[in-house]
Amino acid sequence: MVFNNFSPGTYEHDVARFRRVEFAGSFGGKQNLKETITIKCVQNNTDVCDSCKRPPIGDYFIYKTRALCRNCHSFHSAYGEKYPPSYLQAFSKVRDCSEIHHHEGTTAKIKIKDPKLERKQRYREAYFHQYFH
C-alpha cells in the first residue's frame, strides 16, 4: 500500500503572506476600500473585444484603448499566440456600470442595486482578490 499524502513537516508553512483587505485613508480620516475592479460609468458602453469583435458581457479587461473579454483574455494568457504574456499583464479588470444603475440617456444615475449590497460585494471581491487574481 503506497500513500501519496505528504506529512505535515514536508511543505513550507512559514511562508510570510500579508493577506488583509487593503484600505486607503489619511491619518484620522475615513478609510476607503481599495477597489480591485474599476467601474466604468458611461451612458453607452461602446467597448468591443479586439479578439472576437463582440461587446464584452460582464467584467472585461482594458488597456489604454484596447479591450478583451474574459474568454479571450483567458485564452490568450493560456496559449499566448496572439499577445505576449507581458502585454496581457498590463490589462486591468473593468466592469460596466449597468448592473449598479441606469443612465437612461442622461448623466444622471438611477440606482438599481442597494448601496449596502454593493459595498458588501466590493469588500468580498477585495478579499477574494488576495487569493485569486
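Buried, as I use it here, means under 20% relative accessible area. By that cut-off, 23% of the 133 residues in the protein are buried. The model is a predicted one. The accessible surface of the protein comes to about 10,800 Å², and 54% of that belongs to carbon and sulfur atoms.

Next, the layout. There are 3 helices and 8 strands in the protein. Reading from the N terminus, the order of elements is β-β-β-β-β-α-α-β-β-β-α. As for contacts, take those between residues at least 6 apart in sequence: 45% of them join residues at least 24 apart.

Four of the strands form an open sheet with mixed pairing, in the order 3-6-4-5. The edges are strand 3, residues 38–40, and strand 5, residues 66–69; each has a single partner strand, so one side of each has no neighbour in the sheet. From one strand to the next, the twist averages 40°.

Which way do strand 3 and strand 6 run relative to each other, parallel or antiparallel? Strand 3 and strand 6, the latter covering residues 92–96, run parallel and are joined by 3 bridges. One of the residues to look at here is T38, whose bridge partner in strand 6 is V94.

Helix 1, residues 70–79, lies across strand 4 (60–63) and strand 5. Its direction is at about 90° to strand 5.

On to the core. The largest nonpolar core has 8 residues: C49, F61, L68, C69, C72, Y83, L88 and F91. To place some of these, F61 falls within the range of strand 4, 60–63, and C72 falls within helix 1, 70–79. Apart from neighbours within four places in sequence, C72 is in contact with C49, S51 and C52.

Where does T106 lie? T106 is in the loop between strand 7, residues 101–102, and strand 8, residues 110–111. Is T106 buried, partly exposed or exposed? The relative accessible area of T106 is 40%, so it counts as partly exposed, because that class lies between the 20% limit for buried and the 50% limit for exposed. The side chain of T106 reaches the backbone oxygen of H103 at 2.9 Å.

Note on methods. Residues are numbered from 1 along each chain as its sequence is written. This is a predicted model: local features need pLDDT of at least 70, side-chain atom pairs count only at pLDDT 80 or more; totals for chains, interfaces and linings use all residues. Side-chain values use heavy atoms; hydrogens and water are left out. Helices (H or I, at least four residues) and strands (E, at least two) are DSSP runs, numbered from the N terminus. Buried means under 20% relative accessible area, exposed over 50%, partly exposed in between (1.4 Å probe, protein chains only). Contact means heavy atoms within 4.5 Å. Accessible areas come from the Shrake-Rupley method with a 1.4 Å probe; for residues, only the protein chains shown count as cover. A polar contact is a pair of N or O atoms within 3.5 Å; within protein, one must be able to donate a hydrogen and the other to accept it, and residues adjacent in sequence count only if both atoms are side-chain atoms. Two strands pair if DSSP finds at least two bridges between them. Axes are lines fitted to C-alpha atoms, for helices over the stretch in contact, and angles run from 0 to 180 degrees between N-to-C directions. A nonpolar core is a set of buried Ala, Val, Leu, Ile, Met, Phe, Trp, Tyr and Cys residues joined through side-chain atoms within 4.5 Å.
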